[in-house]
Amino acid sequence: MKRKGLRFYLRIYFKILAQDIKSKMSYRADFIISTLGMIFTNIAGFVSFWILFRSFPDIKGWSYHEMLFLYGFSLISLTPVQCLFDNNWSLRSYVYSGDFIKYCFRPINLFFYYQSEVFDIKGLGQLAFGIGTLVYSWNKIGLACTPLMILKIVVFLITASLIMIALQNAAAATCFWIQNSFYILDLAYRFRDYAKYPVTIFSSVFKFIFTFLMPIAFIAYYPSLVILRPDDVPILTWLSPIIGCLFFYVSYKIWMYGALKYNGTGS
Amino acid sequence: MKIKKYLTLTRAGIIESLQFRLSMLVMVIGNLLYLIVIYFLWKAIYASADSDVVNGMTFSDTLIYLVLATALFNFMEMYTVWQIGRDIQSGKIVLDLVKPIDYRRYIFWSFSGSFVTNFLFTFLPTFIVVTAVTHGAIHMGLNLLYFVVSVVLAIMINYSIDFIVATICLYTESIWGINMMKQVIVLLLSGATVPLAFFPDTLRNVVDHLPFQAIYNAPLTLLLDGDPDMKDVCITLGTQLAWCVGMFIVSKLFWKCSIKQITVNGG
């Protein structure tokens, strides 16, 4: 079969996307309420942050605005996984009911087709909130705004998103082997709440775990160091774009391996 | 009231939740991870503070408070909104409505089995671990009794709130957004994310007049108070009881008015 180019995939992506948005729009009330729910979540996260820092001026040398920076950074880097890979949440029920087989018969990349089917617009609110927080803390810390800085932050935001996407893909793919994989996916989802803390607060054992075994420190902490602590960037930070791509590739392979092994339910 | 038919539902619930042993394991792991993050985060926070006691709470107080709040959340969260919401969408609710048993009670008792298992497998271990880690910062005395009474009331208040939210789903047919909003509001305003003692005074005042603080803050405050003043205990429990009755009546009336609204597409 002829390999299809990027242009072909992009064109098809927007076609599928348009269908999904149309179907979402037919449930207008649900859409509005879900967006509100997302905004509420972000506001609540922010309020608890604010309350905490009212009583404590800094945490282990990290000031309020620096923590806010980490928070905003993690919100932005979690947007792609929320917007583009939301269909991972339904994978379990598709596999369980046997409907997943329909994706296996398409003449395009299985992973691509499955993920492109759903675009979660709610995530855009989170993106706006994250950008707002980041810009605000950027100003308050007094960081320079040079093209190099912008380039750095964009590269590292992409890196961070790749890692979260990889975690979620791998967690979702477990449903090809285990029945009740919702809890694993939920666990991976909960990681994002821990991503916003500097990994230096943990003891060395957990620093190791959160860096290598469950790489949540890469979602906000390591990438942010480039901006926040430019004189003292560990080698891991520079490696993180490679680690991000690697993780994504591995998770893609796991996902595809599970999907190709899938036999359907016979119905 | 024939208690036997309700206990049958409890039994079925226990058996059902024991079926999903793996998800139980993942839940325990997730919990553990959360506890670790909380522990180090607050340790770092307290290490950066000037004094050992902040807003009248020591490090072990805060740790016990937050850890047990999470344990209580896991144990009380019944996913009622999800369940009822799904039943409304699929139409299964009709079958439950025609059963010769009050719907509100039916749902409550079918979830009661998971109370038992969650209590034994998540709450109790967490409680023991916390007691060990904080070297007996939990006073063992009458406060345990008050705590148990308070938790029972909290479960009923939580259920009433859940039921009200689920009833709203009858009108909106949106589950995700509504549930998200509820969860966020309850967790923040009940003190489960940041102890209420850290809240600024004005906010604290508002929160004290809402039912949410009766869910987590009330039982935990009773538990942490090693030398309870009879008057305070009576006030706390009395407030909880009042909310319990109040929310019960509201949820019952709201359901009664709304059930005529229901539109079910087949089923």
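How many residues of chain B are in contact with chain A? The count is 32 residues of chain B, against 31 residues of chain A. Keep in mind that this is a predicted model.

Let's stay on that contact side. Two helices of chain B, helix 2 (21-48) and helix 8 (176-189), each supply at least two residues to the side that touches chain A. Helix 2 of chain B gives the most, with 13 residues.

Now the fold of chain B. The secondary structure is 11 helices and zero strands. Along the sequence, then, chain B reads α-α-α-α-α-α-α-α-α-α-α. Of the contacts in chain B with a separation of 6 or more, 83% join residues 24 or more positions apart.

Next, dimensions. The C-alpha atoms of chain B fill a box of roughly 65 × 40 × 35 Å along the principal axes. The radius of gyration of chain B is 20 Å, and this agrees with a compact globule, because 267 residues packed that way would come out near 18 Å. Of those 267 residues, 39% count as buried.

Last, confidence. For the complex, the predictor gives an ipTM of 0.75 and a pTM of 0.79. Chain B averages a pLDDT of 81, and 96% of the residues score at least 70. Where in chain B is confidence lowest, and where highest? Lowest is helix 1 (residues 3-19) of chain B, with a mean of 77. Highest is helix 11 (residues 230-258) of chain B, at 88.

Terms used:
Residues numbered from 1 in each chain as written. Chains lettered and ligands numbered in written order. Predicted model: local features only at pLDDT ≥ 70, side-chain atom pairs only at ≥ 80, totals over all residues. Contact = placed C-beta atoms within 7 Å. Helix = DSSP H or I, 4+ residues; strand = E, 2+ residues; numbered from the N terminus. pLDDT = per-residue confidence, 0-100. Rg over C-alpha atoms; globule rule 2.2 N^0.38 Å. Buried ≥ 20, exposed ≤ 12 C-beta atoms within 10 Å, placed from the backbone.
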